[in-house]
Amino acid sequence: MSEQIPHESAVLHVTGEAHYIDDLPASGNLLVGRVVYSPRAHARILSFDLSKAQRALGVEAVLSFKDIPGHNQMGPVVKDEPCLGEKEVTFVGQAMFLIAARTDAQCRAAEKLIDVKYKSLDSILTIEDAIRKNNLLGSPRSMSRGDAESAIAGSSHVIKGELRTGAAEHWYLESQAALCVPGEGTEITVYSSSQSPSETQTLVAEVLGIRKKDVVVEVRRMGGAFGGKETQANHTACWSALLCRATGKPVKIRLFRDDDMIMTGKRHRFLIRYEAGFDDDGKLQAVKLELNSDAGGATDLSFAIMERAMLHCDNAYYVPNMSVVARVWKTNLPSNTAFRGFGGPQGMAAIETIIDRIARHLHKDSLEIRRKNFYGLSDNNVTHYGQTVENNRLHMLYDRLVESSDYAMRRMSIQEFNRTNEFYKKGLALTPVKFGISFTTTHLNQAGALVHIYNDGTILVNHGGTEMGQGLHTKIQQIAAAELGVSVDRVRVNATNTSKVPNTSSTAASAATDLNGMAVKNAIEILKDRIAAAIALLFNEQDASVSTDKNDIVFENNVIVDGRHPERKIGFAEAMPQMILRQVSLSSTGYYRTPGIKWDKVKGWGKPFHYYAFGMAVSEVLVDVLTGSVKLLRTDILHDVGDSINPAIDIGQIEGGFIQGVGWVTTEEIKWDASGHLMTHSPDTYKIPTAQDIPLEFRVALLQGVPNPNVIRKSKAVAEPPLMLSLSTWLAIKDAISATANHDFEPEFSLPATNEVILLSIEQLKCLKKAGAMHQVSS
Ligand code: MTE
Ligand code: HPA
Ligand code: MOS
């Protein structure tokens, strides 16, 4: 089954024929929408005058919050996000007014005619400032096992410190976009670039003050999303829906890149405080963590993201005594949101920093410390939230990767290189990932499907998941073809549409193939059962000398056959007209909910995940000590995707996820100025990885022979976990920095490790060396 077929839209992608929102055929009366946003981080709106803009050439509507027929709200969980600013604006980039005109130039001209009077208010732009002013969102949350406090007090060694992790921009290629087309009465069709069509439908209905039966949301594909369109695609859809309702004409909004970067949320910044106790061997006794995140201006998914951080701050390691306290802070910045890993990367950065420091403290290779603290196969295998780590692949991955990456030899040659080179230093690090698969908001773990078979034997599959480049539709196509025993070219996966499959969960948490694949399988089982019964009857009518039972019927190689009497067969395509003649329904819905998960949010205890995905990476870097620039020399990744449905797609996801993580841990630095304006709002000031930044040697392999029971076709989710393997490059950089002072001192370090961070860290080590400080690593 595992077949390396190309992405179902690969040809369309490269020829430019694939439709994104901006490519949809436009009707003659299409209007362009523009969002006018706040230039202030925090201000009271004293007055505004839209009349001049309303009279401007080509302008068909200029709207404020007063023109919203329904609720002025688009918060996905907590209703704390106005669709258009009312009395107050709380971040630079917050939507205030909407303009629709014949052309974008007319919109821009009209925008200049809007007059707003503000009174600036104090703003909070950092987590530190939010903590100082106690600007807490919700209440603190904690999770613990054992007694970390006294275990630390009784430990032979204790380390303590702070870590900052940075924000990051999603940089999907297609910016936020939506096209709304009015129908009869209150009907509206929304073509959206959204990971969550059902949620988009909900919010459009609420903002327009209509009911969901009158709103259809369709998503053909997104030009990338990465979590950035889990909730925040809803906004653009709501804005264009308002303009569509006001004008009675189709309206399209596509945010300009800079506007998109200014207006939308990023990965949550974290400020982490940690304390850890361990023994002489480097075995962890206790970890105490304080996680602080920057939510930005509204709740969005911040609590779920923080929860996932809390559930991943153990990563691959057994911590007998653990205490995690988490606080989500509100600032005057765009509301931060889902981003591949969903808090997991931030939680893992904390524990990986601790492990790295323990190694330096004990003058050991961090590899040894990692190995020692891995969850055990049969003991020490329960997480700090009570879930047993089953089918633990850490040890298998470790043994194979250490060998295949030639770790020991390379460690020696790096030591030699560093001994003989003053201005270049090399670093090496291995990091694991263990990532929980399931939405931690348990009820979201469900999916629906609607499968039609046409009388020419072709199949149209609808399901609740959305395609954002990750290959979901390709895998679903393969699953449907395999279940029906037909070739893949007979199956088409339809655009995701809320009128086909209702009430769907976001395509997120890496689980879309698991969930929707099972729902599609369920629908197909229903169809196969009906078809098998009719075909058995047909065979028995044709020749009564043998009797075929519906349970004997097998679907394979485009043929429907009696498995016990293989001479009794009929082509799949030939059989379908027979089904119509025999009045058999060739359409079925399917449904799936993940079994066996149980999560008590209040107690922080249970089994939130259906299973874990595992992976491991070894990265080697070269740091230029004089400039702080970094070259990734080699990365070896071994990843567990169970029985891969499509190895080509899985490897693509691993490579892409890893490199996206490399951006987060190295060059992607988000900066706001003192008045809350984003300084890094275009590709000339914000550096994402390019083809030049991939490791010179990049060896990605899938762990073989490890089927994943109870998951569609024994596969495993792939999407998010590989991102966190980029921590190997981050710690390899730290290893190289540390080499400039012979690993005698603990370097100051944060994430991302930009050239600046690297140079400052090296300078600080120089000072420590000069001051002749004794082994600072012990503090
Ligand atoms: N891959 C591509 N090419 N584009 C994307 O936007 N999003 C990632 C990941 N891989 C993304 C991607 C994120 S954040 C998630 S949660 C998953 O895809 C979602 O899809 P899946 O559940 O089908 O893996
Ligand atoms: N991952 C991604 N999106 C989510 C989750 C999650 O665990 N929970 C709610 N939305
Ligand atoms: Mo992915 S962050 O769960 O959309």
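**Figure 1. Asparagine 380 counts as partly exposed, at 31% relative accessibility.** For relative accessible area, buried means under 20%, exposed over 50% and partly exposed in between, with a 1.4 Å probe and protein chains only. The structure is a predicted model in which local features need pLDDT of at least 70 and side-chain atom pairs pLDDT 80 or more, whereas totals for chains, interfaces and linings use all residues. Residues are numbered from 1 along each chain as written, chains are lettered from A and ligands numbered from 1 in the order written, and side-chain values use heavy atoms, without hydrogens or water. Asparagine 380 occupies the loop between helix 11 (366–373) and helix 12 (394–404); helices (H or I, at least four residues) and strands (E, at least two) are DSSP runs numbered from the N terminus. The phi of asparagine 380 is near 45°, a positive value in a residue other than glycine. Most residues other than glycine have a negative phi.

**Figure 2. Lysine 714, although not a glycine, has a positive phi of about 60°.** The loop that holds lysine 714 runs between strand 29 (697–702) and helix 18 (721–724). With a relative accessibility of 43%, lysine 714 counts as partly exposed.

**Figure 3. Leucine 751 and proline 752 are joined by a cis peptide bond.** The omega angle of this bond is about 10°. Most peptide bonds are trans. Proline 752 belongs to the loop between helix 19 and helix 20.

**Figure 4. Helix 19 (residues 727–739) and helix 20 (residues 755–770) have axes that come within 9 Å and cross at roughly 30°.** Helix 19 is therefore roughly parallel to helix 20. Ile733, Ile737 and Ser738 of helix 19 meet Ile758, Ser761, Ile762 and Leu765 of helix 20 in this contact. Contact means heavy atoms within 4.5 Å. Axes are lines fitted to C-alpha atoms, for helices over the stretch in contact, with angles from 0 to 180 degrees between N-to-C directions. Angles under 35 degrees count as roughly parallel, over 145 as roughly antiparallel, 65 to 115 as roughly perpendicular and the rest as oblique.

**Figure 5. Helix 17 (residues 647–665) packs with helix 19 at an angle of about 40°.** The two axes are 8 Å apart, and this geometry makes helix 17 oblique to helix 19. On the helix 17 side the contact is made by Phe658, Val662, Trp664 and Val665, and on the helix 19 side by Leu727, Ser728, Thr729 and Trp730.

**Figure 6. Helix 14 and helix 15 (residues 512–542) pack with their axes 10 Å apart, at an angle of about 30°.** Helix 14 is thus described as roughly parallel to helix 15. From helix 14, Leu472, Lys475, Ile476, Ile479, Ala480, Glu483 and Leu484 take part in the contact. Their partners from helix 15 are Ala512, Thr513, Asn516, Gly517, Val520, Lys521, Ile524 and Lys528.

**Figure 7. Lysine 475 is a buried residue of helix 14 (residues 472–484).** The relative accessible area of lysine 475 is 7%. Apart from neighbours within four places in sequence, lysine 475 is in contact with Thr513, Ile645, Ile649, Asp650 and Val718.

**Figure 8. Methionine 322 lies in strand 15 (residues 321–330).** This methionine 322 is buried, with a relative accessible area of 0%. Residues up to four places away in sequence not being counted, methionine 322 touches Met143, Ser144, Arg145, Ala148, Val287, Cys313, Asp314 and His384.

**Figure 9. Helix 9 (residues 302–310) is largely enclosed by the rest of the structure, because eight of its nine residues are buried.** The buried residues of helix 9 are Ser302, Ala304, Ile305, Met306, Glu307, Arg308, Ala309 and Met310.

**Figure 10. The structure holds zero disulfides.** A disulfide is a pair of cysteine sulfur atoms within 2.5 Å. Cysteine 83 is in no disulfide, and the nearest cysteine sulfur, that of cysteine 238, is 5.2 Å away. Cysteine 83 is buried, with a relative accessible area of 1%. Cysteine 244 is likewise in no disulfide; the sulfur of cysteine 180, the nearest cysteine sulfur, is 5.4 Å away. Cysteine 244 is buried as well, with a relative accessible area of 1%.
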